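Please consider how geometric terms are assigned to a protein model.

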Amino acid sequence: MNGLLICRVRWIAKGLFIVLLISIVTGCGIFSGEKNEQEPTTATPVIERYSGPMSKVMPYVYTAKKEFSLTFNGMSDNVTMTKLLDELDKYGIKATFFLPGMRVAEEPDIAKLILARGHEVENNTLNRLDMSNLSYEQIYKEIRLSNEIIERETGVAPRYIRTRSGDYTDDVRLASAHNGMDAVIVYSLFLHNWQKETDLEKELYIRKYITRGGIISIDAEENTSLLEDVVLVAKAAEEVGYDFIPLGQLIKHGGERKPLEQIEGYDAVRINPDYENAKYNLIYDVMTDEKKITLTFDDWGTDYTVTKILDILAKYDVKATFFLRAKGAEANPNLARAMIEEGHDVANHTYTHPVITTLTPEQLQEDVVKAHQVITEAIQQKPTMLFRPPTGEIDDKSAKIVSAIGLPNIALYNVTTLDWNSDNSAEDIVNKIMEKTDKGSVILLHMLDDIHTIEALPTVLESLRKSGFTFVKMAELVGVQE
């Protein structure tokens, strides 16, 4: 009974401490409901809605570097948090913890331990309430009080805010700016509690969504497989070949994306219904006496697949041309930008990857123009002005329709291996390329997941080099002037 009594006394004392702390931070008395007639009353200042620009929202950081951040929401009990920090140490991961101000007030030693282990601490609001149900003044105070408690207890002033769910409203963005925060942080991947997935399914799911500049979020209070998920994320990062860095460092490494209209060439492809007399050029290969060839990759894939392709090309010092399904680049612009930064060309392969001969002229032009704009914004520059139709299917009418909008050079190919079909082995891919490639050839490969192109690529490059071929980008091979 004595132990129970002591425990209750400690919790009462801790509760009084929290009340005192918040009352000090807010400048309110503990018994503010009781009026003392002999003392003057001071009205609580009204928080006016901020009239400046909203804080920016960051679901990811714009960077082509092979790095991303692991972040945690909330703060579990001392035992769990210590185990979590030990697990992070085991894999050499430095993470960012979004902590609720109330939990920091209750157990400041945990927050201090997080910092001592080399991690970052940021703001998860005071009580992790549903911000969509709060007034602007309440949102402002949830952020401000949490900031002040975290700084009071740890000496660190938070720069970033994330709500419990990661969702945000305009009021959250305004209140964040009002409190001087740098940004509202969301995430590129939120790991919910697993259902009945196998270990392999979990691994592949996480690997699929690891991206350059990505922000992974795990809830430290509600996730029932917290330590297991750290292991899974660490394994996936190793397979993809990306490094963990704290969010603040990731943001420093990132760049600002210019709006589409500020990028030169964004309107080089425009709707033009007058297509009947448009001229076009179908390019399958080039007549040349030189043993020059070009390697091209179509469609889209995950960071795991595309990064492997980029790494292999870099190892052999080969520059290629990537024809992007723009919907993929829209979801993951960092990967598209990585192709440019590694010296490759990027070109248009439509937005939705339709068979273009099945579309109306309006549908086709809208799709290709949208693809041009999406790719331009992703890579922050004008793409190479070549167009490749999905599946290679094109006729006179569709070629004119595409040419009329500003893409007269239709990039086809004369060497295809059907590598998009996973039934074709790496050996099949190598054999078909070596059998068909000649001077001036345009080789078609794909950057899809779960096919054998990655396995075949090193042998393809080595074998073609031994045969005396040199690689150039397609625009150079066919003489397209930018």
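This is a predicted model: local features need pLDDT of at least 70, side-chain atom pairs count only at pLDDT 80 or more; totals for chains, interfaces and linings use all residues.

Residues are numbered from 1 along each chain as its sequence is written, and side-chain values use heavy atoms, with hydrogens and water left out.

Q: How many aromatic pairs does the structure hold?
A: The structure holds six aromatic pairs. Rings of Phe, Tyr and Trp (its six-membered ring) pair if their centres lie within 6.5 Å; planes under 30 degrees apart count as stacked, over 60 as edge-to-face and the rest as tilted.

Q: Why is the pair of Phe 68 and Phe 244 called tilted?
A: The ring centres are 4.7 Å apart and the planes stand at 45°, so the pair of Phe 68 and Phe 244 is tilted.

Q: What makes this pair a tie between parts apart in sequence?
A: Phe 68 belongs to strand E2 (residues 67–73) and Phe 244 to strand E9 (residues 243–244), so the pair ties together parts 176 residues apart in sequence. Strands (E, at least two residues) and helices (H or I, at least four) are DSSP runs, numbered from the N terminus.

Q: Why is the pair of Phe 297 and Phe 322 called stacked?
A: For Phe 297 and Phe 322, the angle between the planes is 15° and the centres are 5.1 Å apart; stacked is the term for planes under 30 degrees apart.

Q: How do you know whether Phe 297 is buried or exposed?
A: Buried means under 20% relative accessible area, exposed over 50%, and partly exposed in between (1.4 Å probe, protein chains only). Phe 297 has a relative accessible area of 0%, so Phe 297 is buried. Phe 322 is likewise buried, with a relative accessible area of 0%.

Q: Where does the charged end of Lys 291 sit?
A: The charged end of Lys 291 sits over the ring of Phe 469, 4.5 Å from its centre. The criterion is NZ of Lys or CZ of Arg within 6 Å of the ring centre and within 35 degrees of the ring normal.

Q: Why are H5 and H6 called oblique to each other?
A: H5 and helix H6 (residues 170–178) pack at an angle of about 50°, with their axes 9 Å apart. Angles under 35 degrees count as roughly parallel, over 145 as roughly antiparallel, 65 to 115 as roughly perpendicular and the rest as oblique. H5 and H6 are therefore oblique.

Definitions and conventions. Axes are lines fitted to C-alpha atoms, for helices over the stretch in contact, and angles run from 0 to 180 degrees between N-to-C directions.
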